[in-house]
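Student: I have a model open and would like to go through it. Can you take my questions one at a time?
Tutor: Go ahead.
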Amino acid sequence: MKISCIILITALGCVSLAQQNQPRCSNIHTRKEVRSMSQNEWNLYTDVIKQMNDDGWTAWFSYVHTKVFYVVHGNSMFFPFHRKYLQHYESIGRRNYNNNFYIPYWDVGRDYAAPHKSAVLTDRYLGGNGRSSDGCVNNGFVSKLQLTYPYRHCLVREFDRSKNTIQTWYSPEYVAYRLQTSTKMSKFRSSIEDSIHGDVHSSLGGDMSQEYSPNDPVFMLHHANIDRLWAKWQGMRNNLWKMDGRGPNGIRNLDLDDEITNYNIPIRTVMELGYGDMCYQYSDSSSSKARENSQARTASFQASLAQTNQDDNSTNSFGQDLNSEDVVISKLIYNDSTNPEIASLFGISTDTKIAKRSLARRSQKCNVKNKCTITVPNPFSDRWINMHKYDKTEVEQNYKEAKEFYEKLNKYKYVPAYC
Ligand SMILES: [Cu+2]
């Protein structure tokens with residue numbers, strides 16, 4: 001195989017074959033944005049969650065997460081561990097409860113400006129804030145969950161430590177910027193973990209801000225979104241097999257042959273969605289196409305835009321069928337008046353600004369007219385940093401860069417995609 005590989009296939013194809021020893025999945029299911037699920041799909045999901053909770057699976061997964069907490073956060077194990085962990089949870093749901101069980105994701109970027117107003121945090125989906133007396137969430141299906149780890153309690157939430165609102169999260173502009181400009185996996189990982197990942201955990205409070213955060217059903221949807229962003233980044237340029245940076249215990253460079261914490265399998269087995277046990281993709285997924293074309297980022301993005309184009313009779317306006325970071329990028333590419341300095345902040349050169357067609361007109365629909373500026377959220381508390389044993393200089397460096405990024409956006413009078 002090696003010889004024919006060298007002779008017949010391009011160098012790139014060889015690398016991909018050599019790194020890929022997982023069989024292609026015969027069935028690939030799609031993880032959808034939670035708001036695009038039908039009522040039936042959502043009911044199926046919550047029915048399984050309730051049963052899994054009653055049977056002790058929530059307690060088990062919270063226990064595992066607590067046990068490995070310091071090892072799988074703040075270093076390069078973050079993405080592979082959580083990918084395997086979610087797929088493990090999902091596979092138990094599918095095998096033991098319902099064949100159509102798949103974890104939705106929550107594209108939190110759509111809600112960054114006023115997270116407490118998100119439809120996802122209402123009784124239609126995941127319920128809202130805890131009540132002031134005891135912190136118990138008393139709306140939505142989650143109000144009926146009896147949690148048992150590490151002690152018997154109701155599901156607790158405490159928005160922004162006892163407020164009824166949640167301060168602004170990192171916006172999709174920031175996520176788009178990191179997706180576009182991070183060349184190292186370790187840098188992409190820390191920038192995401194230190195921004196929207198922490199935002200959602202810490203500001204929902206209660207169970208979500210503890211080591212046993214998987215008690216809150218928000219956990220799976222939030223981490224599916226984080227996993228989606230990793231998959232999206234992997235689908236860009238030649239990022240698919242990139243694994244670098246500090247591993248657990250801080251000393252050496254993690255590589256594809258290292259084992260995933262708590263699972264006796266090498267990291268390489270979870271790298272590519274659609275192979276091995278990773279039989280899922282995301283509804284925006286560029287990653288499933290990444291193997292066929294390592295420069296799939298641009299191609300698949302254009303494909304998704306083309307689909308948007310075709311779909312002229314759709315009731316969805318442009319923006320609702322794309323994820324938040326895609327809306328940001330498409331506005332930059334398709335808007336004639338985008339300041340080249342802004343485009344270059346996102347790693348977009350002006351010659352990538354391709355055909356505008358009806359998209360420019362359509363993008364007006366989600367283009368909020370009233371001026372708003374976006375600012376970097378408050379830095380994480382010392383409690384949050386110490387709880388994860390984060391490297392403080394890394395957290396501070398990411399924060400500093402975020403601040404500079406937002407300052408430049410505002411200086412160039414950037415109009416946010418959502419406000
Ligand atoms: Cu975690």
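Student: Is Ala119 buried or exposed?
Tutor: Ala119 is exposed, because 12 other C-beta atoms lie within 10 Å. Here a residue is buried at 20 or more other C-beta atoms within 10 Å of its own, exposed at 12 or fewer, and partly exposed in between, with C-beta atoms placed from the backbone. This is a predicted model: local features need pLDDT of at least 70, side-chain atom pairs count only at pLDDT 80 or more, and totals for chains, interfaces and linings use all residues. Residues are numbered from 1 along each chain as its sequence is written.
Student: Where does Ala119 lie, and what does Ala119 touch?
Tutor: Ala119 lies in the loop between helix H5 (78–96) and H6. Helices are DSSP runs (H or I, at least four residues), and strands are too (E, at least two), numbered from the N terminus. Not counting residues up to four places away in sequence, Ala119 touches Arg35, Arg124 and Tyr125; contact means C-beta atoms, placed from the backbone, within 7 Å.
Student: How far apart are Ala119 and Arg35?
Tutor: They are 84 residues apart in sequence, and 8.2 Å apart in space from C-alpha to C-alpha.
Student: New topic. Which residues of H11 are buried?
Tutor: Ser324, Glu325, Asp326, Val327, Val328, Ile329, Ser330, Lys331, Leu332, Ile333 and Tyr334. That is eleven of the eleven residues of H11 (residues 324–334), so the helix is largely enclosed by the rest of the structure.
Student: At what angle do H6 and H11 cross?
Tutor: The axes of H6 (residues 172–181) and H11 cross at roughly 80° and come within 8 Å. Axes are lines fitted to C-alpha atoms, for helices over the stretch in contact, and angles run from 0 to 180 degrees between N-to-C directions. That makes H6 roughly perpendicular to H11, a label for 65 to 115 degrees; under 35 is roughly parallel, over 145 roughly antiparallel, and the rest oblique.
Student: Which residues of H6 make the contact?
Tutor: Pro172, Glu173, Val175, Ala176 and Leu179 of H6, against Ser324, Glu325, Val327, Val328 and Ile329 of H11.
Student: And how do H7 and H8 pack?
Tutor: H7 (residues 185–204) and H8 (residues 218–234) pack at about 165° with axes 11 Å apart, and are therefore roughly antiparallel. Phe188, Ile192, His197, Val200 and Leu204 of H7 contact Val218, His222, Ile226, Leu229 and Trp233 of H8.

Notes
Two residues are in contact if their C-beta atoms, placed from the backbone, lie within 7 Å.
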